[in-house]
Amino acid sequence: MITYWTYNNGLVESETIRKNCWVSVIKPTPEETDYLIEKLNVSPDVINDILDVDERARYETDERWVTVILRIPLRNLENGLPFYTVPFGILISDSMIITICSAENDVIHSIVANRMVDFKDRSNFVMHIFMKTANLFHSYLKQINIQVAAIENDLLKSTRNKELHQMLKMEKCLVYFITSLKSDEILLARLKSLKISIIGEFDEDLMDNVIIEFKQAMEMANIYSDIQSGMMDAFA
């Protein structure tokens, strides 16, 4: 799905692409992928990297685009892992911003719901996405902790395979979160040391706040992981 956004005292959805617009791409179809490649001159390799669930967080630039790929957390409402992470791509040029993700996500939903995020300020827009990502990690980690506590109560009453499998899934979620948080932290450190003409200078206070949020999320994930590992050892 592709949606076009302009900014005029708030986000305004547009039916067609315009100069200095934001193009939001979620779960692109083959036809939409071809459109990005042929009409917007996006490299097919970049699109494939962003849609690759195992792609690491990184930054790169070429003649047309500055590309920032971070990893964002997702909540899974279907069977399987309750939480996992996927790449989220931000492509910035002189004339537009494109965001690409392989799944529906709360990062985009929150920006659209806010309506007041000015993507014309490119550095602020990038940091806003990082900040929302950090906040989602915090929120989902708290939900993981609540679910683990509920599973632990069930295990105390009766040790069953069902609860043990649920606990293992939660442990796997935490491993995904820790790995992605480390990757995003490294990317943030690199962005802080760079001066990118297309993006502009990052607000140091805002970036420092984002870095602090990621560090706190990492500490929280590590603590929960250590507690859960100890719990699993005890039940074993």
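At a relative accessibility of 0%, Phe214 counts as buried (buried means under 20% relative accessible area, exposed over 50% and partly exposed in between, with a 1.4 Å probe and protein chains only). The views show a predicted model, in which local features need pLDDT of at least 70 and side-chain atom pairs count only at pLDDT 80 or more, whereas totals for chains, interfaces and linings use all residues. Residues are numbered from 1 along each chain as its sequence is written, and side-chain values use heavy atoms, with hydrogens and water left out.

**View A. The aromatic pair of Trp22 and Phe125.** Rings of Phe, Tyr and Trp (its six-membered ring) pair if their centres lie within 6.5 Å; planes under 30 degrees apart count as stacked, over 60 as edge-to-face and the rest as tilted. The count by this rule is ten aromatic pairs. Trp22 and Phe125 form an edge-to-face pair, because their ring centres are 5.4 Å apart and their planes stand at 65°. Since Trp22 belongs to strand E3 (residues 21–26) and Phe125 to helix H4 (residues 122–157), the pair ties together parts that are 103 residues apart in sequence. Helices (H or I, at least four residues) and strands (E, at least two) are DSSP runs, numbered from the N terminus. Trp22 is buried, with a relative accessible area of 0%, and Phe125 is buried, also at 0%.

**View B. The aromatic pair of Phe130 and Phe214.** With ring centres 6.1 Å apart and planes at 65°, this pair is edge-to-face. Phe130 lies in helix H4 and Phe214 in helix H6 (residues 204–235), so the pair ties together parts that are 84 residues apart in sequence. Phe130 is buried at 0% relative accessibility. One aromatic cluster is formed by Phe83, Phe130, Phe137, Tyr140, Phe177 and Phe214.

**View C. Arg18 in the loop between strands E2 (11–14) and E3.** Arg18 is partly exposed, with a relative accessible area of 49%. Its side chain makes a polar contact with the side chain of Ser14 at 3.4 Å (a pair of N or O atoms within 3.5 Å; within protein, one must be able to donate a hydrogen and the other to accept it, and residues adjacent in sequence count only if both atoms are side-chain atoms).

**View D. The buried residues of helix H1 (residues 30–38).** Glu32, Thr33 and Leu36 are buried. Viewed down the axis of H1, these buried residues fall within an arc of 105°, so they line one face of the helix (the arc is that of the directions from the helix axis to the C-beta atoms). The face turned away from the buried side of H1 carries the exposed residues Pro30, Glu31 and Glu38.
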